[in-house]
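Take a look at the model first.

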Amino acid sequence: TKLVYAYITYTLLMTVYTAINIPYSALGGVMTGDSSERTSIQSYRFSLAMLGGALTVYLLPKLVNYFGNGSEASGYPIAMGVFGAAAVICFLISFATTKERVISENSQSQSMGLLSIFRDGADLRKNSQWVIIAAITFFLLTAVAMRGSVTGFYIEYFFNEKDRFGQFLSLGMLSGVAGALSANFLRKLYCKVSIFKWASIVTVILHFGFLPLSREDYSIALILSMAANFAHMLVTAILFSMVPDTVEYGKVALKTVGNRMAMSFAGHLLALKFGIALGGAAAGWSLAYVGYVANAEQSEATLNGIVWIYAGGPIVFGFIIIALLKSYILTNAEMQKYS
């Protein structure tokens, strides 16, 4: 009964969170019409998100212990309730203090309903640049989910450093903060498409670096992971700023009616969630394939398999992303035509 309750409440939570996250993500495209400034907005957004993640990782065990007096069963619900209340307050502040400054001439008069949804969906499918970004998002999150799903196994079994798992995650998040912030600095100097491409190439190269490591090379793995997270969050901040660019491209080049910002982000986040789902499932299938046995000593072949799952997803899907970028045309110079 408790498991069923957990499934239902978690599903409802994710549904509500998605309903919030779509307009929240779309805000970055309607707070400014400047493509470069959109990169700046997403840079700060993701840097603070990663900082919040690191803070959560740090505070959660402390709150559980404080509220539970040593009992995790009692402490976790209260600790998560505190985080939930903090999230609601942050959502309300965001709602009260942000303003849409880019309003399409036709967006106010668009009809709502099923016909409008189908029309918007058809417009998205015709927008080649949005399709490329959606595909990149799908493959990127597939790789991220694969790596994330086996990180704990990688640290615990390959390096035998289970107690350092929190350190591995926290320092990775902090390097991600630096990566996201650097997007704001670099976008003033270089085209964001070029930054995206080179950060993707660096990410692939860094993951090749995990393959020859021995079981005594935890410190090197930590450094590589921090560098990879830096590049990944640099890519992520730019990626979310590219979605509004595809909307502008669609309105001018494809003559789509109205503003498709919300629908574009809805489709983008759908691709993101499909990527997470596939990546998580692929990690599970791969662990079974390499012979992983829970709570047992792993064979040498299994340990090597875990390394390949951890590093291989970002390498394989990274090459796909780099190939897709060759067809993406909305550079900074090109966007001058559509803004």
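## Helix α2

A helix's expected span is 1.5 Å times one less than its number of residues. This is a predicted model, and its helix α2 covers residues 35-68. With 34 residues at 1.5 Å each, α2 should span 50 Å, and the 48 Å between its end C-alpha atoms agrees with that.

At the start of α2, D34 puts a side-chain oxygen within 2.9 Å of the backbone nitrogen of S36. Further along, α2 has a kink of about 35° at L59, shortly before the proline P61. After the helix comes N69, with a positive phi near 50°.

## Helix α5

Now for residues 128-158, which make up helix α5. Its 31 residues should span 45 Å at 1.5 Å a residue; the end C-alpha atoms sit 42 Å apart, so the two agree.

Where is the kink in α5 centred? On V150, with a bend of about 40°. At the start of α5, a side-chain oxygen of N127 comes within 3.2 Å of Q129's backbone nitrogen. Just after α5, N160 has a positive phi of about 55°.

## α7 against α8

Helix α7 (residues 192-208) and helix α8 (residues 218-253) have axes that come within 9 Å and cross at roughly 150°. Angles over 145 degrees count as roughly antiparallel, so that is how α7 runs relative to α8. The crossing is left-handed.

On the α7 side, the contact includes V193, I195, F196, A199 and L206, along with K192 and H207. From α8, the residues taking part include L224, A227, A228, A231, L234, V235 and I238, as well as H232 and D245.

Terms used
Residues numbered from 1 in each chain as written. Predicted model: local features only at pLDDT ≥ 70, side-chain atom pairs only at ≥ 80, totals over all residues. Heavy atoms only, no water. Helix = DSSP H or I, 4+ residues; strand = E, 2+ residues; numbered from the N terminus. Bend = angle between axes of the 7 residues up to and from the residue. Polar contact = N/O pair within 3.5 Å; in protein donor to acceptor, adjacent residues only side chain to side chain. Axes fitted to C-alpha atoms, helices over the stretch in contact; angles between N-to-C directions. Parallel < 35°, antiparallel > 145°, perpendicular 65-115°, else oblique. Left-handed = near helix turned anticlockwise from the far one by under 90°. Contact = heavy atoms within 4.5 Å.
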